[in-house]
Every structure is written in structure tokens, then in C-alpha cells.
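Me: I'd like to learn how to read a ligand site and a surface patch. Could you walk me through one example?

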Amino acid sequence: MRLPIPEHGGGKNTAAVTVALVAALLLPTALTFLFGNDYPVFICCFILIYIIAVSGLDIVFGYSGQISLGHAAFYAMGAYGSGLLVNFLDFPAIPAMLAASILASAIGALLAWPASKLVFHFLSLSTIAFGEIVYQIITHSPDKITGDFIGLRSEFVNLFGYLLDRPGKFYYLALALAALFLLAKTHIVDSKVGRAFLAIRENTHAADGMGINVRKYKIVAFTVSAFYTSFAGGMYMHMVGYASPDTALQKQSVLFLTMLLFGGTGTLPGPIFGVVTVMLLVEALRDFQDYQVFIYGILMLIVIVALPGGLYGASKDIYHRLAARPATADGEGGTSDAA
Amino acid sequence: MLLEARGVTIRFGGLVAVNHADVTIDPGRITGLIGPNGAGKTTFFNCISGVHKIDGGEVVFAGRRIDGLRGFQINEAGISRTYQVINLFRKMNVLDNVMVGMHSRLRQSFWASLFHSPGQHSEERAALAKARGLLKFVGLEGKAGYPAGNLSYGEQRLLEIIRGLASDPKLILLDEPAAGMNSVEKAQLDVLLKRILGTGVTILMIEHDMKLMMGVADYIYVLNYGSILAHGEPAEIQRNPDVIKAYLGGE
Ligand SMILES: Nc1ncnc2c1ncn2[C@@H]1O[C@H](COP(=O)(O)OP(=O)(O)OP(=O)(O)O)[C@@H](O)[C@H]1O
Ligand SMILES: [Mg+2]
């Protein structure tokens, strides 16, 4: 007999969240002081942006069990869409990010519509093809409005007259947005919609029998996921003030997937764990830039072979063991508290 | 009558798995469906519950044609089911399995969930309370946090039944609920079926355990090679020479 798994974390989490929040607020000052420049803060901004992007991927892959190998396409659509709206239609940056992500998720819904009928492997192929199409459009645009292979310049975020032109300033906006997106994710997951996603991931046939419109919820998951990742793309555009066509490359999709799998799927902390570790690893291994995809491959292999629940799942196992409870040896690791 | 299947027919290639089956289910009763292995009983369930599209005939439920509807729509219409081969969400915990079963009765929209509106919040709380009540109904309240796949076979059957009841169906289809149960569990099932009936849910049940079937069923249909061979009260069925022959010849 196993011990019952606790259903919800409850009160003791609030203390941990408060500590994390204070640490997060002080981080830029501390890092700039330690390193003498704001490059580490720049990396922190990317971490926050990627947390949103990868949490979005988690909604479609971790929760509803549909693979997408083309999420970079949404990231790029968010970045370029937002940049173009600012450059050509004089949108302020934040409304532009919002509008571009709504547009990108609408395109995501259109893609998911036929794709929701496809089985796993065909879906993954169609998402790869979609990513390729977006890359081609960005690099071969009419009148070179996207800057083609050079990339697109756009403006920094102007928050009520306060220009967020440095990572140290953008950081706090990114932190607030990441918190908002994570909160929204817990709300979605903790509802009829979230349970429908999980039901579909586990057993489509039974989900149908339980009154769940499987196609509808697959499309919903894909659309929400696209919104997250494209919004992250918009943030990237206006944080850096520039977007590179490389963001639409397959490599970027693989990075998102590596972060997700490495951190653990189907949980709130999983993407955070994954993004932070993979980003720090990639930074530490900067001298081996040419081998990045190779490094992702190795990370994925580690997960598949040794950490089926991802880093978060493994750390939870260790925590349980240290807490001297009888080991639950839950093979599924991270997925159990998603339910 | 609650459900009427008229001339329901389905073919798999050359095989006519269900052949012009006429079945009538009256409300407030337990109707049994028996027949030798491979007779087409599960396939008949699949025809009613929208897993298969029928090739002929019609199904009328509570005055409305339901053949041609998809599985999830039939659940919404008020028919839920269990499966011969256990079909739970194994990695989800027991409580969440029941919560998923409530899907078609929860009104909360995506936006209400996203913003965690007060209405959504109170509906979730009510759903949770109802799910716990259902767990208690079959004595699984102590297992709420276990992954469903960790339950014993008999417990998994019970969980499938309450997951089906969670959508407040008018009719529940039970496909061999006693399979894999020990004799104690079977005796409890007998009582449970009557308690379910007491809550106003009509039952259509496939079962190979004749002792259980003859004890609880009000009316029985016998399926053989896809066709209805006989129907009547349990006592009549037990005496029916065609039925006896089918069973002796079939097994
Ligand atoms: N999806 C399918 N495709 C092809 N043939 C099928 C399919 N489903 C069922 N059959 C066939 O239809 C016939 C009836 O099968 P069914 O499972 O309905 O029998 P059953 O009466 O439930 O038997 P049992 O008592 O063993 O559960 C069998 O010959 C089976 O092989
Ligand atoms: Mg059967």
C-alpha cells in the first residue's frame, strides 16, 4: 500500500512564494553589483520571457498531450507581429504585444483545427512544417518589411512615459508579466478546462465518454499555448529592441522543448526549473555555441534515460526522501501533482 | 420508455456484429443484456454511447434521436457508461477522475476559470463536495488522493461506476461491472446497483455472472450472434430453451 499523495500544497507554499518574490525583486541589484555589468540581468529577463513561452508549451504538450515541434513560429510571430504593429501602425509596445499574440493564437487555432484530427506523429510533422513556413515568410517578406535575414528593429517599452531601455528596467515588467501568466496557468489548470486537458492527455477515448469534446479542447489548448508563447515573443522584441529571424528556426522550438522536458511537464514549477537550468547551462557553455543543438540533445537524453519526471520531478522525489517519508517511488514524477 | 433501439445494425467488414436489434429500456429498472462471448453486447453499448456510428436503425433516448451524435454529446444528453476493459484516467487521482466525470454538468466558462470568478469558485467547491459524496457512496473516500491506477481491480470498477454517475445520467450502461470482483465485492455490488436505482438512475447492464444478473435484473435481453434471441423476465429467460441452447452451444 502506498501513502495517499497530498492533493494540494496548501498554506506552507505562501512563505516560499514570499521568499522567492523578495529574492526576485532584489536580484537585478545584486547581480549588477556582483558582476559590474547588466549582462546577467539581461539573461534574467530572457529567463522570465522563456518561462512564459515554455509554460505555454507545457499547456499544449504537458497538459493536453499534443506535441508541437513548431512553437518557435508563435514566438517569432509574437515578436515580429508586435514589432511591425509598433513600426508601421504606431501602436504602443504593450498593446502591440497583446494584439500580435491574439492574432498569433487565432492562427494557432486555425492550425489546430485540422491538426486536432491528426494523430501524434502527423501533428508533430505539421507543426514542423508550420514553423518552416513562418521562417520563410519572415526571411522573404514583401518589400523586406521584416528586414528579412537582417532582422527587425523596434522600440523599447514605454510605460507611462518611463522608457524601459535597459534590462534592469525591463526586468520588473517581465517579472510581473511572468507572475501573471503563471497565475493564469494555475487558474486554467485548476478548472473544468484543465481537467479536460489532462483527461485528453491520458485517455482520449474515456475523455469522449465523459462528455469532453476532445477536438474542441485540443484546439483550446493549442490556442492558449500559442498565446503564451507569442506574447513571450513580443516581450523579447521590445526588451531587446530587435528580433532576429533565428527565433523562427527549428532550433528555437527544440530549445523550448528541451527546457520543458528537462524541467518536467504538466506542472507549474517544471518550466521554471527547466528554463533556469538550461539557460544557465547554455551561458556556461557559451564557448561551444556551435554545438548548442548537440547540447540540447544530450539534455533530452538525460531526461529520457535518467529523469522521467524532469528536474522538478526528481527534486520532488529527493525532497520526499529527505523528509523521511516512506518513498513513494512515483514513476510519473512531475505529473502527479498536475492532476 | 426511456430508451428505444429500433433495428440497430452495425457491420465490421463482412461481420454483422449487431443485427436489427430492438431493445426497449423502461425507466427505474435494471435491464440486463446477456449472451455468449462475442455475441455483440459491448458493440451494442458502443452503438448507443456514440463510439460507433450505426449502419442501420435508430436510437431514441428520452424522446430524442441520439444515433449519429458523438460520444461526448450522448453523455451530455444523459447516458453515461463504464467499460468492460477498465478505462480510467490511471495517473489522475481518484477524486479527479470523478471530477472529470462531472464535465458535462459544469457550467463554468474558460474565461470564468481564467479569472477565477466567484461563480466558478463556488461551482468548483460544490463539485468537490459532490465528488467526495460519490466516493463515500461506494466507500472510496479514503482513496481520494491515490492515482486511480493504484486501486485494486474491484475498486477500479467502483470508481468507473461513480465517475459515470458524476454526470447525473438518466441512464447508465454497465459493461460487466462484476468482472474481476471477488465474492464479497460481488455481494456488495448487488446492493450498490439497487442503491443506484434508488437515486433515480436507470441501469442497462451486461454481466456474465448469472447469479448476480438473475438476482438484480427486472428484465433481460439475450443477444446471440448479433441478434436478439429472446427477452423477458429473468425467470422466463432461465427457462427459455433457445437461450439454454445458445449458452451450451456457445461456450
Ligand atoms: N471495432 C471492431 N472492429 C471489428 N470487429 C469488432 C469490433 N468490435 C467488436 N468486433 C467484433 O464484433 C463481435 C462482437 O464483439 P463484442 O465485443 O461486442 O462481444 P461481446 O458480446 O461484448 O463479448 P464478450 O462477452 O466477450 O465481451 C466480435 O466478433 C468482435 O470481434
Ligand atoms: Mg463485451
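Reply: Happy to! Let's begin with polar contacts: a polar contact is a pair of N or O atoms within 3.5 Å. Keep in mind that this is a predicted model. Here, an oxygen atom of ligand 1 lies 2.9 Å from a polar backbone atom of B:Gly40. The backbone of B:Gly38 also has an N or O atom 2.9 Å from a ligand 1 oxygen, while B:Asn37 brings a side-chain N or O atom to 2.9 Å from an oxygen of the ligand.

Me: How much of ligand 1 does the protein bury?

Reply: On its own, ligand 1 exposes 630 Å², and the protein buries 63% of that.

Me: Which element gives the most to the shell around ligand 1?

Reply: H1(B) does, with three residues. Strand S2 (15-25) and helix H1 (41-48) of chain B are the elements that each give two or more residues. By type, the shell has five nonpolar, seven polar and two charged residues. Of the 14 residues around the ligand, B:Lys41, B:Thr42, B:Thr43, B:Gln84 and B:His208 come nearest.

Me: Now the surface. Which residues form the nonpolar patch?

Reply: A:Leu21, A:Val22, A:Leu25, A:Leu26 and A:Tyr172, which together have about 460 Å² of accessible area. Helix H1 (residues 12-35) of chain A supplies the largest share, four residues.

Me: Is A:Leu26 buried or exposed?

Reply: The cut-off for exposed is over 50% relative accessible area. A:Leu26, in helix H1 of chain A, counts as exposed because its relative accessibility is 54%.

Conventions. Residues numbered from 1 in each chain as written. Chains lettered and ligands numbered in written order. Predicted model: local features only at pLDDT ≥ 70, side-chain atom pairs only at ≥ 80, totals over all residues. Heavy atoms only, no water. Near = heavy atom within 4 Å. Polar contact = N/O pair within 3.5 Å; in protein donor to acceptor, adjacent residues only side chain to side chain. Areas by Shrake-Rupley, 256 points an atom, 1.4 Å probe, with all protein chains shown as cover. Nonpolar A, V, L, I, M, F, W, Y, C, P; charged D, E, K, R; others polar. Patch = residues over 30% accessible without salt bridge, like charges linked within 9 Å, V, L, I, M, F, W, Y side chains within 5 Å. Salt bridge = Lys/Arg side-chain N within 4 Å of Asp/Glu carboxyl O. Buried < 20%, exposed > 50% of the residue type's maximum accessible area, 1.4 Å probe, protein only.
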